[in-house]
Structures are given as C-alpha cells and as structure tokens.
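User: I'd like to go through the terms used for this model and see what backs them up. Can you take me through it?

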Amino acid sequence: MNRTIVGAFWLVVYLIVILSPLFIMMIRPAPAERSFWVEFSVGLGFVGLVQTAVQFALIARYKTITAPYGIDLILKYHRQIATIAIALLIAHPVILVIHNPALLSLLNPVGGSMASRAGNWALYTFILLALLSHFRQRIRLDYEVWRVTHAGLAILAILLSHVHIRLSAYYTATPWKHGVLIGISVVMIASLGYLRLIKPAFMRRRPYRVVNVAADRGDTWRLTVEARGHDGMRFKPGQFAWLKLGPSPYSVEEHPFSFSSSAQDPERLEFGIKELGDFTGAIGSLPAGTTAYLDGPHGAFSPDLEPAAGYVFYAGGVGITPFISMLRTLADRGDKRPILLFYGDKSWEETAFTDTLAGLVERLDLTIVYVLENPPEAWDDEEGFIDADVLERRLPDEGIERLHLICGPAPMLAAVEAALQERAVPLRLIRFERFDLV
Ligand SMILES: Cc1cc2nc3c(=O)[nH]c(=O)nc-3n(C[C@H](O)[C@H](O)[C@H](O)COP(=O)(O)OP(=O)(O)OC[C@H]3O[C@@H](n4cnc5c(N)ncnc54)[C@H](O)[C@@H]3O)c2cc1C
C-alpha cells in the first residue's frame with residue numbers, strides 16, 4: 001500500500017488512542033460536574049498518561065508502523081513527544097494547585113492521601129526518567145544500563161499512575177472506564193515483550209555466523225556475516241539492522257549498523273564499524289565463527305524508495321557505510337545514472353573504503369569529491385569541510401534536480417543542509433540519516 005496512506009492511517013490511530021480518555025470521560029455515567037479547570041487538569045493527566053504508554057509501541061520497531069516514516073523519525077518523535085507528555089502530567093497537579101492553593105499539599109510526595117502520594121511518585125518517576133535520558137551522556141551512564149533503567153522506570157511510573165487513578169476513583173469509579181485505561185497501558189507495555197521476547201525468538205531461527213573481520217583505515221572494521229541455514233536478510237541499500245553478537249538472541253546488548261554490502265546478496269552481509277566504545281572496540285578481536293543475530297532491515301534512507309534521475313551523496317567519516325551499500329547495489333544492477341559523492345574525513349589515512357570506491361568508479365557513472373580536514377601534501381582535491389563553498393565549486397547545476405542523500409556527524413548534516421538551501425535544492429529531494437538515534 002502507498003506509504004503516505006499507511007502513514008496517515010497510523011497517525012489517525014495514534015490520535016484516537018491518545019484522545020480516547022477524553023471520549024471515555026464524556027460517556028455516561030458521568031460523575032458530578034466540577035469546575036472547568038479541574039476537568040481540564042484531569043483531562044491533561046489522562047492524555048499525558050496514555051501518551052507515555054503509547055511510547056512503548058513507538059519504540060517496539062513494528063515495521064508496519066515505522067516503514068512510512070523511518071525509524072529515526074519515530075525515535076526522534078518518541079523523545080520529543082515523551083517530553084510533552086511529561087509536561088502535561090506536570091501541568092495536571094500544578095493547574096489544580098493554581099486553581100485552588102489550598103490543595104498545595106497535593107505536591108507533597110510523603111503527605112496527603114494515598115491517592116495523591118501515588119500520583120506524586122508517578123510524576124517524580126516520570127521526571128527522573130526524562131532527566132536520565134537528557135543527561136545520560138553527560139553523566140556517562142552506560143547505554144545498556146540506561147536502556148534497562150529507562151524501561152523499568154517507565155513501567156513503574158505507569159503502574160503508580162494507575163494506582164493514583166484507581167484511588168482517586170472519580171471517572172474510574174465506573175469499572176469499565178478504568179478497565180479501558182488499564183487495557184491501553186497493558187497493550188502498549190506488551191510491545192516491550194514483543195521487542196525483547198517474541199522478536200528474539202524469531203531471530204533465533206535465523207542466525208548468522210561471522211566469516212570475516214578485516215581492518216580498514218580510520219579505526220574501522222569490515223565485519224562480514226553469513227546466513228546459517230536460511231536465505232539471509234533482504235534489505236534496501238541504505239537500511240540498517242540491530243546487531244547482536246554471541247550465542248543468545250535475548251542478550252540486552254545490540255547496536256544499529258548500516259549494511260555496507262550489496263542488497264543483491266542478502267545471504268552475505270557486511271558492516272563497516274568504527275571503534276567508538278565497548279562494543280565497537282571489541283569487533284577487531286571477534287573470532288570467526290561467532291554467532292550473530294540481526295533485527296532488521298530498518299530505515300527509510302534508501303535510493304530505492306524514491307524515483308530519481310541521479311544522485312548526490314554526502315558522507316562524513318563512517319557515514320560512508322550506507323553509501324557503500326548503495327553504490328555496490330547500483331553497480332551490481334548495472335545502473336547507469338550519474339552519481340556524485342562528496343566524502344569528508346579528517347585525513348587520507350583515516351578515510352575508509354577508498355579501495356572499494358576506486359573499484360566502483362570503474363563500474364558506475366560515479367564522481368568522487370574527497371574533502372579532507374588535513375590533506376596530505378600535493379593534494380589536488382578539496383580541503384576543509386563539505387560546505388557551501390565546496391558545493392559552489394563542485395556541484396554542477398544539473399545536479400540540483402537529483403536526489404540528495406546525506407549521512408554524517410550532526411555539524412556536517414547542518415552545514416550540507418544550509419549549503420543545499422543556498423543552491424535552492426528543493427526540500428523534497430533531500431534525505432538524512434543520523435547515527436545518533438539516542
Ligand atoms: C541508524 C544507525 C546506523 C548506524 N550505522 C553505523 C555504521 O554503519 N557504522 C558505525 O560504525 N556506526 C554506525 N552507527 C553508530 C553505532 O550504532 C554506534 O557507534 C555504536 O552503537 C556505539 O556502541 P559502543 O558500545 O561501541 O559505544 P558506546 O560508547 O557505548 O556508545 C556511544 C554512543 O553510541 C550510541 N549507541 C550506543 N549503543 C547504541 C544502541 N544500542 N543503539 C543506538 N545507539 C547506540 C549512543 O549514543 C552512545 O552514547 C549507526 C547508528 C545508527 C543509529
């Protein structure tokens with residue numbers, strides 16, 4: 001089905017679910033009327049709660065939901081909307097207190113009724129969850145520890161919210177109404193079970209085996225895995241998968257990597273992995289034969305999803321990996337469309353996949369512009385960063401109407417986007433991939 005229609009469908013479902021508490025509040029039997037501000041604050045609380053519960057479905061990697069938007073957009077939305085949901089939950093008691101200052105004790109986590117205490121604890125747990133996510137990198141909280149804590153705190157906060165609602169027993173004095181609210185939370189939290197239990201059970205049936213780990217420049221490793229006893233993973237060039245290494249598909253440790261191999265060979269998959277932390281730093285010492293599991297393919301960053309007369313690719317550092325897959329795939333398909341690749345890195349010694357690219361120039365209508373921060377002596381390509389000046393010199397006017405795909409560090413994405421705007425490249429022709437989803 002058309003991606004726009006599927007996307008619109010899920011948007012409508014989403015709106016119905018998050019607004020459902022308001023519809024339920026209006027259905028008879030309705031409790032005795034209260035002032036507008038009290039009802040408004042309760043409404044915000046209900047919508048905020050359902051919105052936080054829906055977050056579980058957003059991050060569960062249901063392909064049917066993520067496909068129309070791309071998982072990076074969904075995860076970005078998750079971060080932003082979760083903050084808004086928590087703001088709604090904070091607004092709930094604050095409006096009550098502003099409306100009636102005598103209710104100030106509502107904000108005391110150890111005083112007041114059991115109902116208000118449960119509400120406070122839920123709220124403070126949500127706030128802690130948001131703060132830990134926001135400051136995770138600054139306080140150097142290990143990614144895996146954060147991920148488990150994040151899910152645990154979210155479940156605890158939702159549970160406490162339901163205790164608060166039950167004990168407050170106003171709208172939820174009608175059992176079916178509270179039943180519906182609990183049902184929404186249970187269904188949403190069950191998505192976590194799908195992600196952590198059901199998906200790995202399927203992955204167990206489709207294992208891979210590490211067949212090669214080769215060093216490239218710039219602390220990058222080329223990791224090749226082969227399907228064991230199945231037909232591999234069909235993906236679109238530019239997509240990525242979450243990789244787990246070791247005997248268990250249930251392990252908490254998994255990391256996203258773009259495929260760098262050709263999509264024409266789904267049984268033998270390659271990833272270009274740059275050393276950054278614990279997981280990526282251990283790739284170089286991985287013994288051949290190690291079992292691997294893949295959750296994928298994911299992502300909407302692919303030339304296959306758009307019709308185009310040609311391409312302009314912009315890669316920064318290890319952001320080259322999805323383009324290697326795209327170029328290898330287009331070459332294997334005998335594609336003749338023109339491709340211009342801007343590839344920026346610190347120095348020539350740190351630039352990975354140069355040998356692969358040299359081979360691809362022979363097979364495609366491919367022009368490569370290397371842009372090095374610290375070029376070697378007698379360098380005859382570009383120096384500095386991929387920016388408006390470089391594009392002015394090297395992006396021909398006929399390139400403007402091609403599809404522009406960009407992957408690299410955040411400052412590079414911003415610089416290229418600004419430069420493309422200067423060259424009046426239409427927004428509909430620009431696509432990004434970010435390696436910093438979380
Ligand atoms: C869509 C996508 C495609 C990517 N493709 C590539 C690629 O082709 N080659 C490559 O070298 N890198 C790629 N990355 C980045 C790669 O996932 C991280 O470098 C890697 O997970 C770091 O793990 P670490 O334990 O070695 O480092 P850590 O020090 O643990 O992590 C460094 C940072 O990486 C991010 N990160 C860590 N674990 C995860 C995780 N499980 N999920 C999401 N982000 C995480 C966090 O922001 C963390 O702060 C990609 C990332 C994304 C989101």
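Analyst: 25 residues surround the ligand, and the closest are Glu-254, His-255, Pro-256, Lys-274 and Thr-280. To be near a molecule, a residue needs a heavy atom within 4 Å of it. This is a predicted model, where local features need pLDDT of at least 70, side-chain atom pairs count only at pLDDT 80 or more, and totals for chains, interfaces and linings use all residues. Residues are numbered from 1 along each chain as its sequence is written, and side-chain values use heavy atoms, with hydrogens and water left out.

User: Which strand gives the most to the shell around the ligand?

Analyst: Strand 4, with four residues. Strands here are DSSP runs of E, at least two residues long, and helices are runs of H or I, at least four, numbered from the N terminus.

User: Why are helix 2 and helix 7 called roughly parallel?

Analyst: They pack at an angle of about 25°, with their axes 6 Å apart. Angles under 35 degrees count as roughly parallel, therefore helix 2 and helix 7 get that label.

Methods:
Axes fitted to C-alpha atoms, helices over the stretch in contact; angles between N-to-C directions. Parallel < 35°, antiparallel > 145°, perpendicular 65-115°, else oblique.
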